[in-house]
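Keep the viewer open as you read.

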Amino acid sequence: MSSRRDALRTRAIPAFDHGSGPNALPHPQGLIIFLALVATIYNGILAFFAARGVPVNSTLIGLVEIGILMCSGVIIIKDRFEYGVLPAFSLLYFMILIGVTISLINETIFFNGIRNFLIVTIFTLLGAHCKFSTLTKIFRIAALVVLFGLLFEIIDIGWFTKFFQPASYLSATRGMAESKYSNGLSAGTIAYQGRFSLGLYSGPRTSSIFLEQVSINCFTIVLELFLLVFIKSLKRFDIALYITVIILILATNNARMGMLVGLIYIAGYFIFPRLPRYTTIIFMPFVIILTFILLSYTGTSSGDDLIGRLSTTYDLLVSMKASELALGNLYMLGQAADSGYAYLIYSTTLFGLIGYWLYLSFILPQSNEMSKRCAWGLVIYVGIWLLVGGTGSFSMKTAPLLWLIVGYVRQQSFDDKSPSPQLR
């Protein structure tokens, strides 16, 4: 019976043929696992060495990210361009044109927008090269590492701080100011009075191996998306592991966005497959319009509550000039750290935001239950996150995991002979 269940679980998940011969990459599935995990945990590794006196700065961070992207690109090129690469390459080419134009207009070299969409496109394409076993190994190991980091942080926060020295590391590599109230942790780990929490944990907001609170929140949502899409074909151990990690993060990080999106996903598991194809295109305009309607009724405010966070996006969008919509504004990027929609317009113009919106809406064929769940999970995560966060959804620490899921589901959806994963 057990072997029959295993056969049902794997029958619909074809192994990707990487070929053989002198030009074939050695064990590319292992290399994909390595690259995805390095992208997830490299900050924790570098922080450990920095805490022991090894010089670490933003240049080194940039070199690590370039290395990850280059190695991932080599896998894609060596394994041939297949599985509908035109959308991904079209998006990247479009963003390169915008990035070069902005650089010429501002007489500077600006690759920030290009870097963000390199992550999106390269890992979408890399996901198409994954076996299902590869994807599950990546998420299993990443979840275990994050769980270990969380337990380490919760049990002995003093030891955790000495081990990683998060505030010093983030100051040296990200330019984040150290707070005298954070006791060596990231300033964002401070639990502000009145901030929503489950009331189960009274210590500083946890960050695990990510060392700051934004990325661990994003990681929670990506884990939730992974469960939404693949829960039918995951082992019981993996399901229990992911749910444990999610609950622990929600309880100790006060991850409001992770809780909101998770609740939507639970209902959406049953609703998303019933929705018409490509109706995902309405979601991002809907949340923007809804935000404008809500704030026109309540008025804007400052603070760390929902209205305060939405007000940042609202104020930036309503104050934009026509020149900023058409040409961007690099000088305003610092003020858009808590508004992804404004950040995208300032860094890639309104046309870049529209290009990303279309990519999110149509990158998945939505031809079966798996791809519909993934498509809706994707646009809900990104569409809502961009209301309150700037660069978090483009972070190397969590974005590769997201786009590996999307790329894998896209490739599977185009294979008519491979239905979605079966029930155990």
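Two residues are in contact when they have heavy atoms within 4.5 Å of each other. Before using that, a word on the model: it is predicted, so local features need pLDDT of at least 70 and side-chain atom pairs count only at pLDDT 80 or more, while totals for chains, interfaces and linings use all residues. Residues are numbered from 1 along each chain as its sequence is written, and side-chain values use heavy atoms, with hydrogens and water left out.

Start with the whole protein. Its secondary structure comes to 17 helices and 0 strands; here helices (H or I, at least four residues) and strands (E, at least two) are DSSP runs, numbered from the N terminus. Of the 424 residues, 53% are buried, where buried means under 20% relative accessible area, exposed over 50%, and partly exposed in between, with a 1.4 Å probe and protein chains only. Among contacts between residues at least 6 apart in sequence, 78% join residues at least 24 apart.

Now look at N43, in helix α2 (residues 28-50). Is N43 buried or exposed? At 1% relative accessibility, N43 counts as buried. Setting aside neighbours within four places in sequence, N43 is in contact with I61, Y169, R174, I209, L211 and K397. With Y169 there is also a side-chain to side-chain polar contact of 2.7 Å, and another of 3.5 Å joins the side chains of N43 and Y42. A polar contact is a pair of N or O atoms within 3.5 Å; within protein, one must be able to donate a hydrogen and the other to accept it, and residues adjacent in sequence count only if both atoms are side-chain atoms.

From there, turn to the nonpolar interior. In soluble globular proteins, nonpolar side chains tend to be buried together. The largest nonpolar core has 124 residues, and F123, F139, F230 and W403 have the most contacts inside it. Such a core is a set of buried Ala, Val, Leu, Ile, Met, Phe, Trp, Tyr and Cys residues joined through side-chain atoms within 4.5 Å. Helix α16 (residues 369-388) gives the most to this core, with 14 residues. F123 itself, beyond four places in sequence, touches residues including I68, L69, M396 and W403.

Helix α16 also holds L386, which counts as buried at 0% relative accessibility. The C-alpha atoms of L386 and I288 are separated by 9.7 Å, although these residues are 98 apart along the chain.

Y242, in helix α10, is likewise buried, at 0% relative accessibility. Y242 and L227 are 15 residues apart in sequence and 7.9 Å apart, C-alpha to C-alpha.

Of its 15 lining residues, E224, L227, G262, Y265 and I266 are the closest to its centre. On a 1 Å grid over the protein atoms alone, a pocket is an open set of points where a 1.4 Å probe fits, with protein on both sides within 12 Å along at least five of seven lines; lining residues have an atom within 4 Å of a point.
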